[in-house]
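Visitor: I've got a model open on my screen and I'd like to learn how to read it. Could you walk me through the ligand site and then the core?

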Amino acid sequence: MRIFSGIQPTGRKHLGNYIGAISQYVSSQERGEGIFCIVDLHAVTVAYEPAELRERLYDTTAILLAAGLDPSRCTIFRQSDVAEHTELTWLLSSVTELGRLQRMHQFRDKELAQRELVSAGLLLYPVLQAADVLAYRAQEVPVGEDQREHLELMRDIARRFNARYGDGQEVLVVPEHRIPAVGARIMDLQDPTRKMSTSGSGESGTVYVLDEPKAIEKKLASAVTDSGSEVRRSPEKPGISNLIEILAAVRDADPAAVEAEFADARYGEFKAAVAQDVVAYLAPVRERYEQLRADVPALEAILDDGAGRARVIASDTLADVRDRMGVGAPRAARAGRPSGAVDTVPG
Ligand code: AQP
């Protein structure tokens, strides 16, 4: 089975990213061929600092490695190193409905948050995301709950492409999402009605993977709880429900077992237990990260090797897509050319 997922090079990855996505990437190495992409082209769709982007990309690469991604068992690469992603985005945009892009929740939220320019790139973000996955004909995409809508769009794009150009064949694989049963949507500690996120929430509501233990303890101690005193999940208790979910996820336990264990505990005692386990969960990652992040040439070598392997798969898909769409020279004609020949040269 081929498994693909992308992650933004924001560097400051948080507990939601870690539980919802990164920990799934790591475990997927046991189940199939994992391909993980650090999506710097997605990052330029909102305001950013060019000088910082590369640094944050190294931060994110080091976090993935520190979490347990092993470049000898999976492929890790930088999105912009594989040009097929952008070409496929353009080709797929012709089978993507504009109105659907305009209605996407993430687009509408980010559009409102932009102070200056709302870029066309922000609108096309889900098409680039579809190209990321479809270029590898991946069967499975591990993501958090917030990506469900984008995954549905990606599946529809693949289906529409196949219906329009496939001639009865599944040229593009329609992928399945894999959303974790526990921890699919970790909420902000200060406003548990909103998801924990890099943008749009204050420092104290977000636990970062690289936070020092003291900072984690402080954030969890001040996490918003609810009226009442029982440690149990309920729609009226979003703060406590979120902490139960976090503790269950870091322990790899059932939330019901957490509720049973803390049935007689006070909120303060429960929050201290959550802090202790979150610190223990993230501390080894932070320690490994420090060593890995210090060696930029080694990170570049891993990304470069990954891009080489990714390109082999993506260029094969692109050749099929171009062929089916009647774009460029026929694939059979190109196969006879010397390697390095440019596809767009006529005749
Ligand atoms: N709160 C969350 N709970 C569970 N999973 C989450 N993910 C994000 N937030 C939560 C999952 O993390 C993966 C990588 O996300 P990303 O780095 O590409 O950025 P994002 O989805 O846009 O999440 P952020 O960090 O919160 O950024 P902003 O603030 O820009 O929205 C994805 O699989 C996502 O589902």
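Predicted model: local features only at pLDDT ≥ 70, side-chain atom pairs only at ≥ 80, totals over all residues.

Visitor: How many residues surround the ligand, and which are the closest?

Guide: There are 22 in the shell, and the closest are Lys13, Lys110, Asp146, Thr198 and Ser199. Sorted by class, that shell has eleven polar, six nonpolar and five charged residues.

Visitor: Which side chains have a polar atom by an oxygen atom of the ligand?

Guide: For this, look for N or O pairs within 3.5 Å. Asp146 has a side-chain N or O atom 2.4 Å from a ligand oxygen. Ser197 places a polar side-chain atom 3.3 Å from an oxygen of the ligand, and for Gln147 that distance is 3.5 Å. As for cover, the ligand on its own has 650 Å² of accessible area, and the protein covers 94% of it.

Visitor: Now the core. Why look for nonpolar side chains together?

Guide: Because in soluble globular proteins, nonpolar side chains tend to be buried together. Here the largest nonpolar core has 53 residues, and Leu243, Phe270 and Val278 touch the most other members.

Visitor: Which elements give two or more residues to this core?

Guide: Among them are α1, β2 (33–38), α3 (50–67), α10 (238–251) and α13 (296–325). Helix α12 gives the most, with ten residues.

Visitor: And which domains does this core draw on?

Guide: Domain 1 (2–180 + 296–335) and domain 2 (203–293), with at least three residues from each.

Terms used
Residues numbered from 1 in each chain as written. Heavy atoms only, no water. Near = heavy atom within 4 Å. Polar contact = N/O pair within 3.5 Å; in protein donor to acceptor, adjacent residues only side chain to side chain. Areas by Shrake-Rupley, 256 points an atom, 1.4 Å probe, with all protein chains shown as cover. Nonpolar A, V, L, I, M, F, W, Y, C, P; charged D, E, K, R; others polar. Core = buried A, V, L, I, M, F, W, Y, C linked by side-chain atoms within 4.5 Å. Buried < 20%, exposed > 50% of the residue type's maximum accessible area, 1.4 Å probe, protein only. Helix = DSSP H or I, 4+ residues; strand = E, 2+ residues; numbered from the N terminus. Domains from an automatic or database assignment.
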